[in-house]
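Hello,

Here is the structure you asked about. Please have it open while you read the notes below it.

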Amino acid sequence: MVALVTPMLEDESVDYETLEKLIEFHIESKTKAIVAMGTTGESATLDFQEHRDVIRFAVEKSAGRIPIIAGTGANSTAEAIGLTQYAKDVGADACLLVTPYYNKPTQEGLYLHYKKIAETVDIDQILYNVPGRTACDLLPETVGRLASIPNIIGIKEATGDVSRVAQIKALAGDAFDLYTGDDATAVEFILAGGHGGISVTANVAPAQLSEVYEAALSGDAELARRLDVALSELHTNLFLEANPIPVKWAMAQMGLMNGAIRLPLTPLSEKYHPQVRHALQVAGVLSE
């Protein structure tokens, strides 16, 4: 699944024409689902109405051809409920809810936050744990408690800690979906029992990454690791600066969009251009 960028015009407004093209690109590339308005989609810099508009647009333009998972997390429980209800109302297939950032709730606060959203809005919900961004770690024990709520169906675990697969499985059961949010460790995450990933790299190499995931999901560790070698520089270099700075620059080099990004994020520093360009060339998505 792709954590989709939000393309912008030079005036930093949302570029809906290009967004539609990116949706078509992922449908053609056999991407399994699109996450709209996640971290990579610059959800933190779009206002509330823009956030809703992008979700609605993605649902309308996908027209049922690819599942749309709406990023609807917030550090306010009430705001997260509002966004999640909107996503359900416009026809999103599921929602991805990042842990409340900045206010650093307790594990009990996290449990009650997610429980209230799930019980208020009847739509499939995926937890999203990325403590490097949020200063808040959703621990496996809390995930296990939340897994008993019927419409909390899985987690995007972006710590890069592969050992959490076994920990969460033991507490949440095999029916609970485990998705990685860390491209660099995705193969090992899946081989350890994970079910897939929500990927930044998939913005630039969806077809190649799909082959890697399919090999890993089939249990062919040797093939998965070998195929992933060509993408390993992307997994690393797309995080040389804060996501989505490098991936937006990379997509501009590929001609998929321009590189416009919204403050306080800034375009990729020139010193990193050669590294990201080389990663694209090694992956086979940009010519020499």
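Is Thr84 buried or exposed? Thr84 is buried, because its relative accessible area is 0%, and a residue counts as buried under 20%. Please keep in mind that this is a predicted model.

Thr84 sits in helix H3, which covers residues 77-90. Leaving aside residues up to four places away in sequence, Thr84 is in contact with Thr72, Cys95, Leu97, Ile117, Val121, Ile123 and Gln125. Two of these names, Cys95 and Leu97, come back in strand E4, and Gln125 comes back in the pairing of strand E5 with E6.

The chain as a whole

The protein chain has 13 helices and 8 strands. Its radius of gyration is 18 Å, close to the 19 Å that the globule rule gives for 288 residues, so the chain is as compact as a globular protein of that length. The C-alpha trace spans about 50 × 45 × 35 Å along its principal axes.

Of the 288 residues, 53% count as buried. The chain exposes about 11,900 Å², and carbon and sulfur atoms supply 52% of that area. If you take the contacts between residues at least 6 apart in sequence, 70% of them join residues at least 24 apart. As for charges, the chain has 22 positive and 38 negative ones, and the mean positions of the two groups are 3 Å apart.

The sheet

How are the 8 strands arranged? They form an open sheet in the order E1-E2-E3-E4-E5-E6-E7-E8, and the pairing is parallel. Strand E1 (2-3) and strand E8 (196-197) stand at the edges with a single partner strand each, so one side of each has no neighbour in the sheet.

Strand E4 (residues 94-98) is mostly covered, with 5 of its 5 residues buried. Ala94, Leu96 and Val98 point one way from E4, while Cys95 and Leu97 point the other way; all of them are buried. Strand E3 (residues 68-71) runs parallel to E4 and is joined to it by 3 bridges. In this pairing, Ile69 has Ala94 of E4 as its bridge partner.

Strand E6 (residues 152-157) is also mostly covered, with 5 of its 6 residues buried. Strand E5 (residues 125-129) runs parallel to E6, and 5 bridges join the two. You can follow this pairing through two residue pairs: Gln125 has Ile152 of E6 as its bridge partner, and Asn129 has Glu157 of E6. E6 also pairs in the parallel sense with strand E7 (residues 177-180), over 4 bridges. There, Gly154 has Asp177 of E7 as its bridge partner.

Gly284 lies in the segment after helix H13 (273-283). Is Gly284 buried or exposed? Gly284 counts as exposed, because its relative accessibility is 57% and the cut-off for exposed is over 50%. Gly284 can also be placed relative to Asp183: the two are 101 residues apart in sequence, and their C-alpha atoms are 17 Å apart in space.

To go through the model yourself, you could begin with Thr84 in helix H3, go on to strand E4, and then follow the sheet in the order E1-E2-E3-E4-E5-E6-E7-E8.

Regards

Terms used:
Residues numbered from 1 in each chain as written. Predicted model: local features only at pLDDT ≥ 70, side-chain atom pairs only at ≥ 80, totals over all residues. Heavy atoms only, no water. Rg over C-alpha atoms; globule rule 2.2 N^0.38 Å. Buried < 20%, exposed > 50% of the residue type's maximum accessible area, 1.4 Å probe, protein only. Contact = heavy atoms within 4.5 Å. Areas by Shrake-Rupley, 256 points an atom, 1.4 Å probe, with all protein chains shown as cover. Lys, Arg positive; Asp, Glu negative; His and termini not counted. Charge placed at Lys NZ, Arg CZ, Asp CG, Glu CD. Pairing = 2+ DSSP bridges.
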